[in-house]
Amino acid sequence: SGDNIAFQVDPLTSDISPVSVEGWSGPRLLGGSSRIISKTWDNAIITDPFNKNAPKLPPVPHEMAEGDWLDPVGSPSEDVLATRPKLRQLQFWDAKTLKPLTPAINRDTGVSSMSFTSDGKYFRAYYGDGMTIFEPRTGQKVAGPFASGPYQYFRSSPESYARYRPNTAYDAATERIACFENTGVADELRCTVTIHSLIENSEPVELRLPVHCY
């Protein structure tokens with residue numbers, strides 16, 4: 001939700017034993033469970049090293065490209081997993097069984113980023129400078145594509161470093177989403193914020209900021 005969360009650490013814990021997981025990149029916990037998502041170059045893998053009786057789950061396709069380390073993502077309720085089977089595809093899976101909820105969804109351009117909304121009701125997939133909203137359990141498109149970019153631009157400065165497209169902001173109470181679109185270069189960068197409703201056929205609201213957004 002964006003709030004800070006404090007965790008109490010047991011001071012009596014003095015030894016942490018390593019656990020073995022499959023895959024070689026990006027191991028992390030799925031939600032608040034003991035299941036771990038990891039990946040190889042072509043697959044995402046879910047294992048539960050803390051539960052010896054957990055069923056062996058098959059790997060699911062998740063293609064990666066050099067310099068593009070997009071991770072599979074799990075829903076807040078831990079029941080849906082989203083992967084990129086191919087660079088221009090998106091697919092949803094039952095996170096407990098790893099059976100597909102949807103077929104692979106083909107896109108015209110590569111999937112560059114993806115995330116669930118905070119309530120898990122919607123799913124954001126970014127393609128180039130656009131973003132589309134999906135219903136994750138059916139794969140049906142809800143809205144979009146909305147302008148959300150640019151995907152990558154370079155500041156006109158001696159270090160010439162890259163800055164990436166800002167994420168979208170979602171409000172679960174009103175089911176509205178705000179997209180940030182930067183324009184210009186160097187000190188002339190400005191941002192247009194466009195607010196879309198995902199449940200009403202209403203005109204989007206636009207406002208301009210005198211600065212760019214991350």
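Strands β6 (residues 80–83) and β7 (residues 89–94) run antiparallel to each other and pair over 4 bridges. Bear in mind that the model is a predicted one.

These two strands belong to an open, antiparallel sheet of 4 strands, ordered β5-β6-β7-β8. The edges are taken by β5 (73–74) and β8 (105–106); each has a single partner strand, so one side of each is left without a neighbour in the sheet. As a reminder, strands of a sheet pair through backbone hydrogen bonds, either parallel or antiparallel.

Zooming out for a moment, the chain has 18 strands and 0 helices. Out of its 214 residues, 41% count as buried. If you look at contacts with a separation of 6 or more, 34% of them are between residues 24 or more positions apart.

**The core and F92**

Nonpolar side chains tend to be buried together in soluble globular proteins. Here the largest nonpolar core holds 14 residues, and the ones touching the most other members are L90, F92, M114, F123 and F134. At least two residues of this core come from each of β6, β7, β9 (111–116) and β10 (123–127).

What does F92 touch, leaving aside its neighbours within four places in sequence? Its contacts include V80, L81 and A82, then P100, L101, T102 and I105, and also F123, F134, P136 and G139.

**Aromatic rings**

A pair of aromatic rings is described by the distance of the centres and the angle of the planes. The count for this model comes to 3 aromatic pairs. Two of them are set out here.

| Pair | Centre to centre | Angle between planes | Geometry |
|---|---|---|---|
| F92 and F123 | 4.9 Å | 90 degrees | edge-to-face |
| Y122 and Y170 | 6.1 Å | 75 degrees | edge-to-face |

Why is the Y122 and Y170 pair edge-to-face? Their planes stand at 75 degrees, and the label applies because the angle is over 60.

F92 sits in strand β7 and F123 in strand β10, 31 residues apart. For the tyrosines, Y122 is in the loop between β9 and β10, while Y170 is in strand β15 (residues 169–171), which puts them 48 residues apart.

Elsewhere, Y127 has a charged residue over its face: R107, at 4.3 Å from the ring centre.

Which residues does the cis peptide bond join? It joins G144 and P145, with omega at about 5 degrees. P145 has its place in strand β12 (residues 141–147).

There are also positive phi values to look at. L98, in the loop between β7 and β8, has phi near 60 degrees despite being a residue other than glycine. L98 has a relative accessible area of 4%, so it counts as buried. E175 is not a glycine either, and its phi is positive at about 55 degrees. This glutamate lies in the loop between β15 and β16 (176–183). With a relative accessible area of 13%, E175 is buried, because the cut-off is under 20%.

Conventions:
Residues are numbered from 1 along each chain as its sequence is written. This is a predicted model: local features need pLDDT of at least 70, side-chain atom pairs count only at pLDDT 80 or more; totals for chains, interfaces and linings use all residues. Side-chain values use heavy atoms; hydrogens and water are left out. Two strands pair if DSSP finds at least two bridges between them. A nonpolar core is a set of buried Ala, Val, Leu, Ile, Met, Phe, Trp, Tyr and Cys residues joined through side-chain atoms within 4.5 Å. Buried means under 20% relative accessible area, exposed over 50%, partly exposed in between (1.4 Å probe, protein chains only). Contact means heavy atoms within 4.5 Å. Rings of Phe, Tyr and Trp (its six-membered ring) pair if their centres lie within 6.5 Å; planes under 30 degrees apart count as stacked, over 60 as edge-to-face and the rest as tilted. A charge sits over a ring if NZ of Lys or CZ of Arg is within 6 Å of the ring centre and within 35 degrees of the ring normal.
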